[in-house]
Amino acid sequence: MKSRFVATSASVGRKIRRALFARSLGLCVCAALVLSLAPALSAAEPVKLIFDTDMDSDCDDAAALAVVHALADAGEIEILATPVSSKYEWSAVCVDAINTYFGRGDLPVGIPKQGPKFPQQRSRYARQIAQEFPHDLPYGEKLPDATPIYRRVLAGQKDNSVVIVTVGDLTNLRYLLESKGDDISDLDGPALVKRKVKQWVCMGTRYPHDLDPGHWGNFKVDPESTVKAIAGWPTLITFTGGQEFAEKLATGKALAGLPATNPVRRVYELYFGGQVKPRHSADQIAVMVAARGPGKPWKLVTEGYNHVFPNGTHQWHEKPNNPLHQYVSALADGVEYRDVADTMEKLMLHQPEKK
Ligand SMILES: [Ca+2]
């Protein structure tokens, strides 16, 4: 008995030592886990996002802006500014009205004040939204210039931290690149972008090519700016686009269930002449890629470069590789279109918290 007791007490002692060892090991593992999570936690800081939209000829811009506000309310992104590339006089005011609805009426909004007034895309909804919903952005000549807004916002951010998503023409980015050092920043446009911008997600056209000179889409409204912005951009560009791709991810029908006071629902109603119907999700796709990255559920093509012709048509060439160019125009293998569309549509239905 004794020996067994001794043996037993010795084995208990071993167990206690093992337990203590395991506990301290556990603490070490926990500490290591916390340390290993630390970069992940800091990587999960909200994405600093600039959303640049035309908000004129198509309704997906309004849905994409709703997604931007939903992701901001969820803490995934921080919205820095919502510049407008369209010179159609109601587009910027419409953006301010949607921002105001989502509780962010103070977000900077500006338009391109330089260059020609290229043919306007017009809008089936921008004027009505501006007139039916509250906002405080001045209209017409008093609208602010987007270039100093871009410069101020970028100058105030940490290096290599900002993601820009364009879902309209590339006019504002062209003038940003052409900007000189000023009292906002000593850096000229390319140097400021290179220092502050991590990635530009550029929604436009079809991949791997669109060689149709017909006047449609984000690259051909102001092709000179398209060529200059893409050629001069000094950081990563993720292009997104593809008509069939965006149509297979159509969204919007569920907006019909929102109250009539929701401006995004109203945009779809006006766009479709009184009825809320589904529409392709080209601009929402770009926002999702900007906020959550170009990995799964998306299929990312990294090899090659986007060659843009002077009229805004373009061709993806597989060689030589430009490490700054990549594109998304499909879902990753095995991902269901319905699942991705549902994710985007749920975000589009987001309502602001009542204050
Ligand atoms: Ca658009």
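This is a short talk walking through the structure shown above.

Hi everyone. Before anything else, keep in mind that we're looking at a predicted model.

Let's start with the overall picture. The protein has 355 residues, and 47% of them count as buried. Its secondary structure comes to 13 helices and ten strands. Now think about contacts between residues at least 6 apart in sequence: 83% of those join residues at least 24 apart.

Next up, the sheet. In what order do the seven strands of the open sheet sit? Reading across, you get β2-β1-β3-β4-β6-β10-β7, and the pairing is mixed. At the edges are β2 (77-81) and β7 (298-301), each pairing on one side only. Neighbouring strands in this sheet are turned by 25° against each other on average, if you ignore direction.

Let's zoom in on some pairs. Strand β1, residues 47-52, pairs with strand β3, residues 162-166, in the parallel sense over five bridges. Have a look for Asp52, which stands opposite Thr166 in β3.

Now slide along to β6, residues 236-240. Why is β6 described as largely enclosed by the rest of the structure? Because four of its five residues are buried. On one pairing, five bridges join β6 to strand β4, residues 197-203, and the two run parallel. On another, β6 and strand β10, residues 325-331, pair in the parallel sense over four bridges.

As a general point, nonpolar side chains in soluble globular proteins tend to be buried together. Here, the largest nonpolar core has 94 residues, and among those with the most contacts inside it are Leu49, Val67 and Val165. Which helix gives this core its largest share? That's α2, residues 60-73, with ten residues. Take Val67: leaving aside neighbours within four places in sequence, it's in contact with Gln284, Val287, Met344, Leu347 and Met348.

Last stop, a pair of helices. Helix α6, residues 171-178, and helix α7, residues 189-196, pack at an angle of about 110°, with their axes 5 Å apart. Angles from 65 to 115 degrees count as roughly perpendicular, so that's what we call α6 and α7. Where they meet, Leu176, Leu177 and Glu178 come from α6, while Gly189, Pro190 and Val193 come from α7. By class, that contact has four nonpolar residues, one polar and one charged.

That's my tour, thanks!

How values were computed. Residues numbered from 1 in each chain as written. Predicted model: local features only at pLDDT ≥ 70, side-chain atom pairs only at ≥ 80, totals over all residues. Axes fitted to C-alpha atoms, helices over the stretch in contact; angles between N-to-C directions. Parallel < 35°, antiparallel > 145°, perpendicular 65-115°, else oblique. Contact = placed C-beta atoms within 7 Å. Nonpolar A, V, L, I, M, F, W, Y, C, P; charged D, E, K, R; others polar. Buried ≥ 20, exposed ≤ 12 C-beta atoms within 10 Å, placed from the backbone. Core = buried A, V, L, I, M, F, W, Y, C linked by C-beta atoms within 7 Å. Pairing = 2+ DSSP bridges.
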